[in-house]
Amino acid sequence: MSSLMKGTAILTIGLFLSKVLGLVYVFPFYSIVGEENVGLYQYAYIPYNIMLSIAISGLPIAVSKFVSKYNAIGDYEAGRRLFKSGFSVMLITGVVSFILLNLLANPIANIVIEDDEQIYSVEQIASVIRWVSYALLAVPIMSLIRGFFQGYNHYMPTSVSQLVEQIVRIIVLLGGSFIVVVLLDGKTETAIKFAVFAAFVGALGGLVVLYFYWKKLKPEMDTLLLNNVSSGELSYKDIYKEIIQYSIPIVFVGMSNSLFQLIDMLTFNSAMISIGLAKVTDTYLTMLNFTTQKIVIIPVMLATGFSMALIPTITKYFTLEKYGVLHNSMDKTYQILLFITVPASFGIAILAPDIYHVLYEQSEMGAEVLAHYAPLAILFALFSVTAAILQGIDYQKWIIFSLLTGMLIKLMLNTPLIKAMEVDGAILATAIGYIVTIFINITVIHKVLHYRSKVVFRRILLIAILTFVMSVAVIATNKLLYFIAEPTNKGITALYLLICVGVGVVIYGYASFRLGLAQKLLGERFTKLGNKLGFK
């Protein structure tokens, strides 16, 4: 059990660091290429992310489950057969996805660009989509190898390769953009092409790391293969049927946000143009789908990181039919998630003008979009956790149903709401879509597990009160600082932001420890910390 926990921790840390790097690079990249050109960059990445999810088909988790299952009964040959055939399948999948994205580049660009007054041309958007598609040639194979290693409880290859992939991608992306724009005084469009192509270079870096681990670990895996105990002849049809059953729900969860963003990408511009806002539609869509989204996702990562650690426990107690302990674990999962995301999202909303100024530039519209978009962090986190619980209790099909229902509602509401409320309409449509999806997930969970919890509702009320108190303190501090002196540059704004965030953390943290909430939710270490600080 300890090796499993260690492996999960290694995987979680690697994934978390990789995602953090995937957020941090945006801010220097923005300062190099500017607001208008970042928009061109994000047009390429939404279709790429969706095609990538389809190409890899939730493969690491699906393959690791399959390999682990058959390794446990001594049938090491089954996993090796999957690996050998899967290598060819992933190669074909990658090439087909690459060709498909290239062929769809122009049709996608024609849907996105509907007016001559828009910032970008059809050819510009089609071109960056083609450049990013090269990564699809390498990433599916990389995913297969990662899943195979995880099936043998080797988590370090996945963790290290994720980090190296992200680091190489960011070095190429930022370095290339800086050389093209700053040193060579070249076209920013060239820098954007270089930046999206960096995904392919990063994937090659990840593959080099995995090859190193393959050479290192292959003798050990070959030795196990010599002691193979066949579980019966598995046909390739049976193998891939099992893999597909594992992977499809994972694919939907992984690309949920990208699918909602794709709806915006395909409908936002036409709705904005119809109300006479062709000149600003590309900029507003960039704020909605890229710059603000990158900030809002930060508390989601923190919350799901804490709460997802409890998902294996939920699976275990569901299997053992220990429903009392299971309900307690679910109580804790929901509470941790809300304990982190509610104050963080409201804090981002309150401090949106300063956050947007420090990370990007001073923009009244950017700050407004961020402030209105921030509370959706709570919904994104709730979806991730409820979907994970459904996977844990083997009700994966409902994830697909709930997500497709939410997307359909988003699609139906998006255009009329954008016409009525501009950017806020798209945000509201996303919120309603996610609320419906989460409602379906929670309804299924509660029906299957007969789960009702008064304690969660009480804690929601307590968290709301603490967040309100924190919000008042942060607003007052911010107003006082601006009253003393208006910030004249990013440095002073960043200082004000740090002070306000510090006040919010201290107020919320103090109240949480004083009431014993932090100790109850976050475990033994926080209890010890509370004791040291005099909260008993």
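R80, K218 and D222 are linked in a network of salt bridges. A salt bridge is taken here as a side-chain nitrogen of Lys or Arg within 4 Å of a carboxyl oxygen of Asp or Glu. Before I continue, a word on the source: this is a predicted model, in which local features need pLDDT of at least 70 and side-chain atom pairs count only at pLDDT 80 or more, while totals for chains, interfaces and linings use all residues. Residues are numbered from 1 along each chain as its sequence is written, and side-chain values use heavy atoms, with hydrogens and water left out.

Let me stay with the salt bridges. By the rule just stated, the count comes to 6. Helices here are DSSP runs of H or I with at least four residues, numbered from the N terminus. How exposed or buried are the two partners? D222 is partly exposed, with a relative accessible area of 25%, whereas R80 is buried, at 6%. The terms are these: buried means under 20% relative accessible area, exposed means over 50%, and partly exposed lies in between, with a 1.4 Å probe and protein chains only.

A further salt bridge joins K410 and D264, at 2.8 Å from N to O. Here too the pair links distant parts of the chain: K410 belongs to helix α17 (residues 397–421) and D264 to helix α10 (residues 256–274), 146 residues apart. K410 counts as buried because its relative accessibility is 0%, and D264 counts as buried at 3%. In the salt bridge between E123 and R130, the closest N and O atoms are 3.6 Å apart. E123 is partly exposed, with a relative accessible area of 46%, and R130 is also partly exposed, at 25%.

On a 1 Å grid over the protein atoms alone, a cavity is a set of points where a 1.4 Å probe fits but cannot get out; a pocket is an open set with protein on both sides within 12 Å along at least five of seven lines; and lining residues have an atom within 4 Å of a point. Grid points are joined across faces, edges and corners, and a volume is the space filled by probe spheres set on the points. A search of the whole structure finds 1 cavity of 30 Å³ or more. About 60 Å³ of space lies in the largest cavity. Its lining includes D264, together with N257, F260, Q261, Y373 and Y434, among others. Which helices each supply at least two residues of that lining? They are α10, α11 (278–308) and α18 (423–449).

I turn to the second largest pocket, which holds about 950 Å³ of space. Of the 30 residues that line this pocket, the closest to its centre are L302, P343, A344, V501 and V505. Helices that each supply at least two lining residues include α11, α13 (323–350) and α19 (454–484). Helix α20 gives the most to this lining, with 10 residues.

Next, the aromatic residues. A pair of aromatic rings is described by the distance of the centres and the angle of the planes. Rings of Phe, Tyr and Trp (its six-membered ring) pair if their centres lie within 6.5 Å; planes under 30 degrees apart count as stacked, over 60 as edge-to-face and the rest as tilted. The structure holds 29 aromatic pairs. Ring pairs link Y76, F83, F87, F148, F149, Y152 and W214 into a cluster. Elsewhere, the charged end of R169 sits over the ring of Y25, 4.9 Å from its centre; the criterion is NZ of Lys or CZ of Arg within 6 Å of the ring centre and within 35 degrees of the ring normal.

N153 has a positive phi of about 65 degrees although it is not a glycine, and it lies in the loop between α6 (139–151) and α7 (156–183). D185, likewise not a glycine, has a positive phi near 55 degrees. D185 is found in the loop between α7 and α8 (188–226) and counts as exposed, at 65% relative accessibility.

Finally, A62 is found in helix α3 (residues 59–72). With 0% relative accessibility, A62 counts as buried. Leaving aside neighbours within four places in sequence, A62 is in contact (heavy atoms within 4.5 Å) with I243, Y246, S247 and I250.
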